[in-house]
Structures are given as structure tokens and as C-alpha cells.
Amino acid sequence: MDPRSEVLLRQPDYFQGEVLLVGLPPDDVLGRLPNAHGWCWHAGDQAALEARFAGRVHFGVDVPARAFDTAVVYLPKSKELSDYVLKAVAARLPNADVFLVGEKKGGIEGASKQLIPFGKPRKLDSARHCQLWQVTVVNAPQAPVLADLAQHYELALEEGPLNVVSLPGVFSHGRLDRGSALLLEHLDKLPSGHVLDFGCGAGVLGAAVKRRYPHNSVTLLDVDAFATASSRLTLAANGLDAEVICADGIDAAPMELNTILSNPPFHVGVHTDYHATENLLQKSVKHLKKGGELRIVANSFLRYQPLIEEQFGACTVKAEGQGFRIYSAKRR
Ligand SMILES: C[S@@+](CC[C@H](N)C(=O)[O-])C[C@H]1O[C@@H](n2cnc3c(N)ncnc32)[C@H](O)[C@@H]1O
């Protein structure tokens with residue numbers, strides 16, 4: 001059981017009604033709270049939850065339409081995202097309770113201040129290195145409009161400007177990552193055909209490649225529904241057409257690809273991100289046609305080259321700069 005859920009379950013009296021668990025982990029909390037429902041935007045967590053609690057978890061970027069008496073928000077990593085989901089549930093709960101639970105190392109103490117606009121927050125419990133906060137919503141906010149929270153920036157590409165749109169919680173929200181910038185400088189001589197942008201975030205790589213090589217078909221894939229929603233907005237903002245898939249890991253990607261491009265997920269201490277990247281490096285060869293290429297950018301200190309060589313036989317460093325490397329490997 002996730003420690004945040006353990007803390008909730010120490011206060012069961014608050015959670016017997018129709019409670020909405022927002023950004024819940026894929027643990028047994030729904031099994032322990034029979035009237036609870038979930039709202040999830042991580043495709044891997046959603047698949048795990050759906051397998052055990054079919055029909056009880058809403059997937060996507062919008063608050064579920066069904067009615068609920070109270071809501072518990074599991075504190076997301078991004079402040080912009082917690083602001084959005086807190087407002088989205090508080091708007092639906094005038095004079096009812098909203099709870100916020102999170103780990104101390106995740107900044108729950110500071111994040112509890114995000115409840116102040118709704119009423120007077122109080123700390124209900126502190127255990128398992130987590131805190132549980134509660135507020136009765138006396139000042140219900142307006143329901144937030146997600147599109148209004150999007151950030152827009154423009155990239156000057158050889159082919160003309162590319163508008164990038166990112167939603168709260170998406171990697172490198174509102175600005176281009178340095179690693180991705182380096183990869184954008186090295187999109188030359190890609191095998192043409194079907195290109196996958198793995199871990200697409202706001203869709204900057206996939207959109208740029210579609211803009212540069214319009215005859216290619218492009219698929220963008222990310223595990224996070226806010227990322228895939230952003231990618232769709234980025235494609236639309238530039239009049240580009242591509243497939244967007246929200247799914248967990250390379251296994252869900254099409255086969256017979258000509259190119260896989262990625263700035264793969266990497267976060268210190270987050271096991272699932274290592275797993276997704278290891279899996280990408282191990283399995284991408286199977287998703288490529290003969291002669292197809294994996295081209296990725298990664299922090300120079302990450303030892304990806306031997307992992308890629310194991311699968312592809314050879315892997316070259318195409319470029320290096322500002323602490324990043326571009327690796328390229330072709331299926332023989
Ligand atoms: C370093 S970011 C790169 C984002 C974007 N390509 C860019 O260049 O700005 C890595 C992305 O991988 C996604 N990701 C993490 N785990 C994943 C998984 N298991 N399957 C698919 N995508 C994943 C994250 O949501 C994130 O958007």
C-alpha cells in the first residue's frame with residue numbers, strides 16, 4: 001500500500017461516502033473504500049487499476065462528470081498541476097470537504113497553502129513521512145478551463161516557426177529542454193517512413209519531425225494524458241497531422257517503424273522512469289524495420305551506450321554538448 005493511502009485509511013470515517021481519489025496510486029485503496037472512485041491520468045496506473053477495479057477509475061485530463069461528496073487529491077509533483085486539479089474539484093464541492101495528501105519530501109507542507117483560497121486548511125494527520133490536510137470549501141472557485149492554463153512558446157526551425165503548447169504537469173512546461181534542443185539540431189538523415197516520438201511530452205520532437213519531413217507518418221506516445229493532450233494541441237497549432245497514443249512504455253508502440261526518436265524519461269529516484277527507459281533500449285530494436293534507427297538524447301553521465309550496443313550491436317555518439325549526448329543505433 002502506498003504510504004499516502006495508508007495515512008488516508010487511518011481516518012476512514014471521512015471517506016465512507018462517494019469520495020473521488022484524484023491522481024491515486026495503483027494500490028488497494030479502492031478495495032478498502034468501497035464507495036470511492038478514482039481520477040487518473042497515468043496510463044500505466046490506469047491499466048493496473050482498471051484490471052482490479054473495472055469501471056471505477058476515470059482516465060483523462062478533465063474531472064469526472066459523476067457526482068462526488070468529497071475529494072482527496074494525492075499531491076502531484078507539479079505545482080501547476082496541483083493547482084488545476086484542486087480548483088477543478090473544489091469548484092464542484094461548495095461547503096464540502098477537500099483533502100490533500102502527500103509525502104513530506106514531496107513538499108506537502110508548502111503545498112497545503114494551495115488550499116487557503118478555499119477556506120481554512122487544517123492538518124488532520126501526519127504519519128509514514130506523509131501529511132493529510134483538509135479544508136471545507138467556503139469559497140468555491142470557478143471551474144478552471146484547462147486550455148487557459150496552457151503555455152505557448154515558439155521555436156525557430158529552418159522550415160519556419162513551430163508553436164509548442166504545454167499543459168500543467170508536462171515535462172519542460174513552457175520552455176524547450178536543453179537535451180531536446182540538441183536532438184532538434186540533429187534530425188538530419190533520418191530514415192524516412194514511420195517515425196515514433198517516444199515519451200512525447202508536449203510533442204516538440206514529433207511535431208518538428210513532421211514539419212521537416214511531411215511525407216513521414218509520425219506517432220507520438222506518452223504515458224501521461226496531460227502530455228498527449230498537449231501534443232494534440234501542439235500538432236493542431238501547427239496544422240500538422242499525426243497519431244497520438246497514450247500508453248505505458250514501448251510495448252504499446254507500433255511495429256515496423258523506420259525511426260524511434262526520444263528524449264527518454266529520467267528522474268533520480270523514480271523507479272518507473274528507469275524502467276520505461278531500460279525497456280525502450282531493450283525492446284526498440286524489435287519495433288524497427290531492418291535499417292531503422294533509434295536516435296535518442298540523454299545526459300552524458302547515463303551509461304546508455306552499452307545497453308544499446310547489447311541490442312543493436314553498435315551504437316555511435318552522433319553529437320555531444322552541454323552535458324548531453326545524442327546516441328544513434330541502426331537495426332541490422
Ligand atoms: C524527458 S521527457 C521528454 C518530453 C518531450 N519528448 C520533450 O522533448 O520535451 C520524457 C517523457 O516520457 C514520458 N514517460 C515517462 N514514462 C513513460 C512510459 N512508461 N511510457 C511512455 N512515456 C513515458 C514522460 O511523461 C515525459 O513526457
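The model is predicted: local features need pLDDT of at least 70 and side-chain atom pairs count only at pLDDT 80 or more, whereas totals for chains, interfaces and linings use all residues. Residues are numbered from 1 along each chain as its sequence is written, and side-chain values use heavy atoms, with hydrogens and water left out.

The domain assignment, which is automatic or taken from a database, divides the chain into domain 1 (3-136) and domain 2 (150-330). Their centres, taken over C-alpha atoms, are separated by 31 Å.

Where the domains meet, 12 residues of domain 1 are in contact with 12 residues of domain 2, contact meaning heavy atoms within 4.5 Å. Domain 1 and domain 2 bury about 950 Å² between them, 78% of it on carbon and sulfur atoms; buried area is the accessible area (1.4 Å probe) lost on putting the two parts together, summed over both. On the side of domain 1 that touches domain 2, the elements giving two or more residues are α3 (43-52) and α4 (79-90). α4 gives the most to this side, with 3 residues.

Technical notes
Helices (H or I, at least four residues) and strands (E, at least two) are DSSP runs, numbered from the N terminus.
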